[in-house]
Amino acid sequence: MDIRIGNGYDMHRLAPARSLILGGVTIPHELGLAGHSDADVLTHAIMDAMLGALSLGDIGHYFPPNDPQWAGADSLVLLDQVNQLITASGWAIGNLDSVIVAERPKLKPHIKAMRSQLAERLSLAPDQVGIKATTNEKLGPTGREEGIAAYAVVLLKKSPS
Ligand code: MG
């Protein structure tokens with residue numbers, strides 16, 4: 001098989017006095033996401049999808065939440081490391097698609113910046129990086145604004161050797 005698919009999911013709790021960072025973009029909001037790293041839930045879901053496509057485990061294995069090395073880590077730096085692992089294994093991203101589930105703030109104005117940021121970081125064209133946003137119709141933890149969740153799928157293709 002010269003193609004592989006992976007999926008990833010993550011959720012982080014909303015908390016005061018934290019920045020809201022999604023896809024490496026800081027979004028103005030009165031709450032941010034809590035976590036050991038910068039809690040960039042979208043980037044985490046994408047990393048897990050990349051690792052999952054090659055059965056390489058999950059991000060908790062590579063960046064354990066109890067390791068002080070990753071406290072406050074910029075998730076884009078973690079993404080670089082996962083991308084290097086994928087590349088070194090002889091694979092490249094064909095495309096990725098993702099959904100962010102957030103009741104607030106409105107994410108539509110920030111989608112383009114997130115796509116550009118992630119595309120640049122992964123050496124992809126923006127049209128290889130799908131990011132969508134939806135609310136949860138006020139249902140469940142995301143709907144009650146207790147947290148923000150993200151889902152991602154990634155298609156990998158074997159690099160020409
Ligand atoms: Mg996470």
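**A short tour around a magnesium site**

Hi everyone, let's start with two histidines: both H12 and H44 are buried, where buried means under 20% relative accessible area, exposed over 50% and partly exposed in between, with a 1.4 Å probe and protein chains only. Before going on, please note that this is a predicted model, where local features need pLDDT of at least 70, side-chain atom pairs count only at pLDDT 80 or more, and totals for chains, interfaces and linings use all residues. Residues are numbered from 1 along each chain as its sequence is written, and side-chain values use heavy atoms, with hydrogens and water left out.

So what coordinates the magnesium ion? D10 through OD, H12 through NE2 and H44 through ND1, at 2.0 to 2.2 Å. Donors here are N, O and S atoms within 2.8 Å of the metal (3.2 Å for Na, K and Ca), and water is not among the atoms, so sites may look incomplete. H12 sits in strand 1 (residues 3–15) and H44 in helix 1 (residues 41–53), 32 residues apart, and the pair links distant parts of the chain. Helices (H or I, at least four residues) and strands (E, at least two) are DSSP runs, numbered from the N terminus.

Five strands form an open sheet in the order 4-1-7-5-6, with mixed pairing; two strands pair if DSSP finds at least two bridges between them. Strand 4 (32–33) and strand 6 are at the edges with a single partner strand each, so one side of each has no neighbour in the sheet.

Strand 5 (residues 91–101) runs parallel to strand 6 (residues 129–134), joined by six bridges, and D97 stands opposite G130 in strand 6. With strand 7 (residues 147–158), strand 5 pairs in the antiparallel sense over ten bridges; there, V99 stands opposite Y151.

Helix 1 packs on this sheet, touching strands 1, 4, 5, 6 and 7, and its direction makes about 155° with that of strand 1. Contact means heavy atoms within 4.5 Å. Axes are lines fitted to C-alpha atoms, for helices over the stretch in contact, and angles run from 0 to 180 degrees between N-to-C directions.

Finally, which helix does helix 1 meet? The axes of helix 1 and helix 3 (residues 75–88) come within 10 Å and cross at roughly 10°. That makes the two helices roughly parallel (angles under 35 degrees; over 145 is roughly antiparallel, 65 to 115 roughly perpendicular and the rest oblique). H44 of helix 1 is among the residues making this contact, and H44 also coordinates the magnesium ion.
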